[in-house]
Amino acid sequence: MKKRLLVLSILLCVSPLCLFAVNFGFVTEQGGDYSSAEDLNYAGTYLPWVSWTHPGKRLEIYVSGRFSIEYKERRESQWLFIPEAGRLEAVWRPINNLTVEIGRQGYHDGAGLVAQGLFDGLSLSYRFGKHRLGAGAYYTGLLFSRAAGITMTPPDLAEYNDTDHYFAPKRVLGSLQYEIAGFLSGRASLHAGALAQFDLRDGDALHSQYGILKFNLAPVPRLNLELAGVAGLSGLPDETLFGAAASGGFVWTTPSKYGDRLGFFIRWGSGSEGGLDAFSPITSQGHGRVFSPDLGGAASARLSYELRITRTFFFNMEAAYFIRTDTETFKDKEMELDPDSASLHLGPEFFASVRFMPLSDLSFNAGAGVFLPCSWGPWDNRDPRWKVQAALVLSL
């Protein structure tokens, strides 16, 4: 009798799980680069995952882990093994058009200029017709510091660069979004949002709020235009700072056999001039491939062309030019700047890459590029900077 009760109890516990469709897999990425600045670097990441989906798709659960092995030639501790919790998320659809997400989930602001990555929290999304309303609340203090990329203050940056410090700065984020898609005869969409972060650090805490707008338009077939802007307020104990950022450009898909793509984009972040302060995003937002200044205090224009030679082989070429938007904000990690120079020109960057995808779950990428410090710019040292890199991605 006792054995029967034990078996029945086990069946009752296990039976709810049997109602779910289960998928699982494994993704690994092996990559490295060699550059004029960092010498030799290697990073290997391993991502096992499993998901459960209820037959009615009202409930989905996704769990993943992330394990990284890093090697940096110039770092004191050259080899690092970094375990992380990956995406740990439950998605619930209690009624049609309403989605509730809880756990570690992906988030990015509508403009792509303020915050992006995985965050712990709760989010809601409700769709009605062409409209969508969304809201979310998130916490950053349990994330891995370098994966989160939060470097808003000098203490944040010190913790980011400290390999012995694991957790990201303790901040709470709140977001609101409104989207409308398919207006102007189905050719346009608009995103409006608000994002705020509150610093829980003791001492000189930095709080900030952002207003976000993004507009997309497809005026003719194969051509997509976008324009985005962000206004940000940052609050210190004794002052309030106002910064802004913007981006815009187009992607044109050619009528060629495989649909080659031509793109042009501009990104701009305010500096401490013209009545503005330096723009301060929540997560690091770099500009370039070889030379990657922070968004605040710099601007770039980038032209790219992706040539699809076959269904499995792609070739991409990029050319970019960088300027600084004031003479105080921009700092370079590798060399000192001439403090007496008023020049805003930083220089051009050129990058080329190839991508080979023989299978949908296997890809190989390789690229190389060079940045040429402008001869009339603020540089003390005008030696070219270069980087070569390669990566292999396998999904099982």
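I took contact to mean heavy atoms within 4.5 Å. The model is predicted, so I noted the limits: local features need pLDDT of at least 70, side-chain atom pairs count only at pLDDT 80 or more, and totals for chains, interfaces and linings use all residues. Residues are numbered from 1 along each chain as its sequence is written, and side-chain values use heavy atoms, with hydrogens and water left out.

**Entry: Thr-153**

I looked up Thr-153 and found it in the loop between α2 and α3 (154–161). Helices (H or I, at least four residues) and strands (E, at least two) are DSSP runs, numbered from the N terminus. With neighbours within four places in sequence set aside, Thr-153 is in contact with Arg-171 and Leu-206. Thr-153 counts as buried because its relative accessibility is 11%. For this I used under 20% relative accessible area as buried, over 50% as exposed and in between as partly exposed (1.4 Å probe, protein chains only).

**Entry: nonpolar cores**

I took a nonpolar core as a set of buried Ala, Val, Leu, Ile, Met, Phe, Trp, Tyr and Cys residues joined through side-chain atoms within 4.5 Å. The largest has 23 residues, of which Val-114, Leu-195, Tyr-210, Val-230 and Ile-282 touch the most other members. β10 (207–217) and β11 (223–236) are the elements that give two or more residues to this core. Another core, of 11 residues, lies apart from it, and includes Phe-291, Met-335, Leu-337 and Phe-351. I then listed what Tyr-210 touches, not counting residues up to four places away in sequence; among them are Val-114, Met-152, Leu-195, Val-230, Phe-279 and Ile-282.

**Entry: aromatic rings**

I searched the whole structure and got 22 aromatic pairs. Rings of Phe, Tyr and Trp (its six-membered ring) pair if their centres lie within 6.5 Å; planes under 30 degrees apart count as stacked, over 60 as edge-to-face and the rest as tilted. Phe-144 and Tyr-166 have ring centres 4.9 Å apart and planes at 40°, so I logged the pair as tilted. Phe-144 is in the loop between β7 (131–139) and α2, Tyr-166 is in the loop between α3 and β8 (171–182), and they are 22 residues apart. Phe-144 is buried at 9% relative accessible area, whereas Tyr-166 is partly exposed at 29%.

The rings of Phe-183 and Phe-215 also make a tilted pair, because their centres are 6.4 Å apart and their planes lie at 50°. Phe-183 is in helix α4 (residues 183–186) and Phe-215 in strand β10, so this pair ties together parts 32 residues apart in sequence. Phe-183 is partly exposed at 24%, and Phe-215 is partly exposed at 31%. I also noted one aromatic cluster, formed by Phe-291, Phe-322, Phe-330, Phe-371 and Trp-379.

**Entry: cavity**

On a 1 Å grid over the protein atoms alone, a cavity is a set of points where a 1.4 Å probe fits but cannot get out, and a pocket is an open set with protein on both sides within 12 Å along at least five of seven lines; lining residues have an atom within 4 Å of a point. Grid points are joined across faces, edges and corners, and a volume is the space filled by probe spheres set on the points. I found 1 cavity of 30 Å³ or more. Its lining includes Gln-116, Phe-119, Leu-143 and Thr-283. β6 (116–128) gives the most to this lining, with 4 residues.
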